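Subject: Structure for your files

Hello,

Please keep the two together.

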Amino acid sequence: MSQNAYLAEGARTAIRPFTPADAEEFTTRAKESHGMHHPWLFPPDDARAYAAYAGRLTEDGTKEGFLVCERAVDDGTAAASGAIAGFININNIVGGAFRCGALGYGAFAHAAGRGLMSEGLDLVVRYAFGPLGLHRLEANIQPANAGSIALVRRAGFRLEGFSPDFLFIDGAWRDHERWAITAEMVRQDPPRDADTMARGSGPAWTTTAPSGAQMPEPPDVCG
């Protein structure tokens, strides 16, 4: 994948849209990660399901989909492959006075525990509050999904509430915690997109986590 296709880059990751050409890699990674994802989320693991899934993300104006990729940079010893580390989607985007979207995301097994999704989420949050013009992002997470909760806490999201029987997942209505972040909670440095960021530089923006937040490093999954 050409560097020019990236929407934003960090020190180790970059984000870009889904494409039809990603089907084989994405579905292979999804199959490899089934044990980690279940019972929280169920990304497409065959070509037909991927085509429908990616099509909705690229064609539906209420959705934005991002692949989190390892940056293809030469560290002096070997070049990273640009492999897909995971995905982060913004769903149910509402404009007007609300300007909000709901996050869904998942790491693939080979990338879990390496901090790649933390950097990828940082990039997506800043892209949402920058080029997409959103003001608020929500992540609804099942209380037992410690990895997903740890990810949003590291990103500076705050716990806002609890929703019983919120989503129908894996055959039952599941309770969810509601985590959220707004543009005011993010300290933004001058933006640097993929065309202007120097190679080897860190993320263009930073967040501040809530005071006293615990920051464990379990696998990054959402559900």
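In helix α4, Met 117, Ser 118 and Leu 121 meet Leu 151, Val 152 and Arg 154 of helix α5. Contact here means heavy atoms within 4.5 Å; helices (H or I, at least four residues) and strands (E, at least two) are DSSP runs, numbered from the N terminus. The residues of this α4–α5 contact divide into four nonpolar, one polar and one charged. Ala, Val, Leu, Ile, Met, Phe, Trp, Tyr, Cys and Pro count as nonpolar, Asp, Glu, Lys and Arg as charged, and the others, Gly among them, as polar.

This is a predicted model, in which local features need pLDDT of at least 70 and side-chain atom pairs count only at pLDDT 80 or more, while totals for chains, interfaces and linings use all residues. Residues are numbered from 1 along each chain as its sequence is written, and side-chain values use heavy atoms, with hydrogens and water left out.

The axes of α4 (residues 116–129) and α5 (residues 146–154) come within 10 Å and cross at roughly 50 degrees. Axes are lines fitted to C-alpha atoms, for helices over the stretch in contact, and angles run from 0 to 180 degrees between N-to-C directions.

Ala 23, Phe 26 and Thr 27 of α1 and Ala 47, Tyr 50 and Tyr 53 of α3 make the contact. Five of the contact residues are nonpolar, one is polar and none is charged.

On to the sheet. Eight strands form an open sheet of mixed pairing, in the order β1-β2-β3-β4-β5-β6-β8-β7. Two strands pair if DSSP finds at least two bridges between them. β1 (8–9) and β7 (158–169) are the edge strands, each pairing on one side only. Helix α3 (residues 47–59) packs on the sheet, where α3 touches β3 (64–70) and β4 (84–94).

Strands β5 (residues 100–107) and β6 (residues 136–141) run parallel and are joined by three bridges; Cys 100 stands opposite Arg 136 in β6. β7 and β8 run antiparallel, joined by eight bridges. Phe 162 has Glu 177 in β8 as its bridge partner. β7 and β8 form a hairpin with two residues between them, and Asp 170 in the turn has a positive phi of about 55 degrees.

Regards
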